[in-house]
Amino acid sequence: MKLINKIKNYINRQVLRTPGVEFFVENKDLNLRKKHLDFWLDKARKNKSFKKYFFSEITNNMSETNFKIYNNNYKITDEMFSSLSNNGLLIIENALPQQERSKILEYFDELKKNDKFEKNWLKKPFNPKFFDEVNEIMGPTSIYNFKVLNEYSSQFSNEIYGKIVEPTVEFRYLKQKENSKEKKTKGATYLHSDRFLPHFKLYYAPHEITIEDAPLEYVLSSHKINNNFINFYLNSENFDETDKEFKNFNFEKKIVCVPENTMYVVLTNGFHKRSQFNGNSERSLIFLQYVERFNKFDYLF
Ligand SMILES: [Fe+2]
C-alpha cells in the first residue's frame, strides 16, 4: 500500500475514531468523566436521528423484535424502525433473495476451503486470531458486491446516523477445534457495551444459528442513553456485567437464534455478548460496521 494511504488509514482508524471506553479506563475521576460524557453526548443529541434512536423514552407496547420479508419487498417499514428504536435489536427473516444468498455462500465456500481466493476480496482472507479454541478466517470485501444487502445498509445508516455511511464488510467463517465448551472471555462473552456514544452493527447469517453456535445475546432497550446509562459510564470499572451499576439494567435478555437467511441489526452501545462456543460450533456470519466512516468529524462539524 502506498504510504499516503497508510497514513490516511491510520488517521481514520486511530485519530478520528469515534471515542470508546478508553477515556474511562484511563480516567477514574468522576468530574473528568462527567465532562467527557457531557461534551460528546451534547454533540450526539444535536443529531436528529440519534435523538429518535438513542435519547427517546422506552415504550412497553413495542417489544416485537422479529419481522419477515415477503414478496421481495426490501423496504424497512416504520414499524420495523420503531421496533429497533425501542428494543435496540431488530431481526429480519428471509432477508435476501435466494440469488444473493447463493452468491454469499460462494464467498463463504472459499473461506471454508481456505485454499485459493478468487472472489472479490479487498485483501487476502486471514485468521484474525481472536480466539484460542476456535479457528476463524476473515475476508474483507466491499458492500457494492451485494446489491440488496447494500440497500439495507443504506436504509439503516441513513435512518440511524442521518446520512448514508459505507460500512466495512467482513465475512467471518469459524469452526471450533476442540469438542468442548469455550471459557468465558472478557469483552466478548461477558455482557458489555462497546462505547457510550450511539453505535450500531448489522449482521447477516446465511445459515441457521442455534444455541450451539455462540449466538448473540442482547439486553433489550439497554441502548437508551438516559440517566441510568450515563450513571453506568460515570461509575464503571470494567464496562460490563461485572460492574455493580449493571444491576440497574434489569431488562429482558434476548438470545438471537435465527433461521437461515436472516439479518439482524444491533445498537451495540447497549449491552450484548456472544454466547460461548459449545462443542462443534461452525458459523458463517457477515459483519457490517460503520465506526470507521462515521467518526469524530461527524460529531464535531
Ligand atoms: Fe461488543
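Here are a few questions and answers about this predicted model.

User: Which strands stand at the edges of the open sheet of three strands?

Analyst: Happy to walk through it. The strands follow the order 8-7-10, and their pairing is antiparallel. A strand at the edge has a single partner strand, so one side is left without a neighbour in the sheet. The edge strands are therefore strand 8 (253-256) and strand 10 (272-274).

User: What is the bridge partner of Leu216 in strand 10?

Analyst: Start with strand 7, which covers residues 216-219 and pairs with strand 10 in the antiparallel sense over three bridges. In strand 10, the residue bridged to Leu216 is Arg274.

User: Is helix 3 parallel, perpendicular or oblique to helix 8?

Analyst: Helix 3 (residues 30-45) packs against helix 8 (residues 227-235) with axes 9 Å apart and an angle of about 135°. Angles of 65 to 115 degrees count as roughly perpendicular and those over 145 as roughly antiparallel. The angle here makes helix 3 oblique to helix 8.

User: How many charged residues are in the contact of helix 3 with helix 8?

Analyst: Helix 3 brings Leu30, Arg33, Lys34 and Leu37, while helix 8 brings Ile230, Tyr233 and Leu234. By class, this contact of helix 3 with helix 8 has five nonpolar residues, no polar ones, and charged residues numbering two.

User: Which residue just after helix 5 takes a positive phi?

Analyst: Helix 5 spans residues 78-87, and its buried residues include Asn86 and Asn87. Among the elements covering the buried residues is strand 2 (89-93). Just after helix 5, a positive phi of about 80° is taken by Gly88.

Terms used. Residues are numbered from 1 along each chain as its sequence is written. This is a predicted model: local features need pLDDT of at least 70, side-chain atom pairs count only at pLDDT 80 or more; totals for chains, interfaces and linings use all residues. Two strands pair if DSSP finds at least two bridges between them. Helices (H or I, at least four residues) and strands (E, at least two) are DSSP runs, numbered from the N terminus. A residue is buried if 20 or more other C-beta atoms lie within 10 Å of its own, exposed if 12 or fewer, and partly exposed in between; C-beta atoms are placed from the backbone. Two residues are in contact if their C-beta atoms, placed from the backbone, lie within 7 Å. Axes are lines fitted to C-alpha atoms, for helices over the stretch in contact, and angles run from 0 to 180 degrees between N-to-C directions. Angles under 35 degrees count as roughly parallel, over 145 as roughly antiparallel, 65 to 115 as roughly perpendicular and the rest as oblique. Ala, Val, Leu, Ile, Met, Phe, Trp, Tyr, Cys and Pro count as nonpolar, Asp, Glu, Lys and Arg as charged, and the others, Gly among them, as polar.
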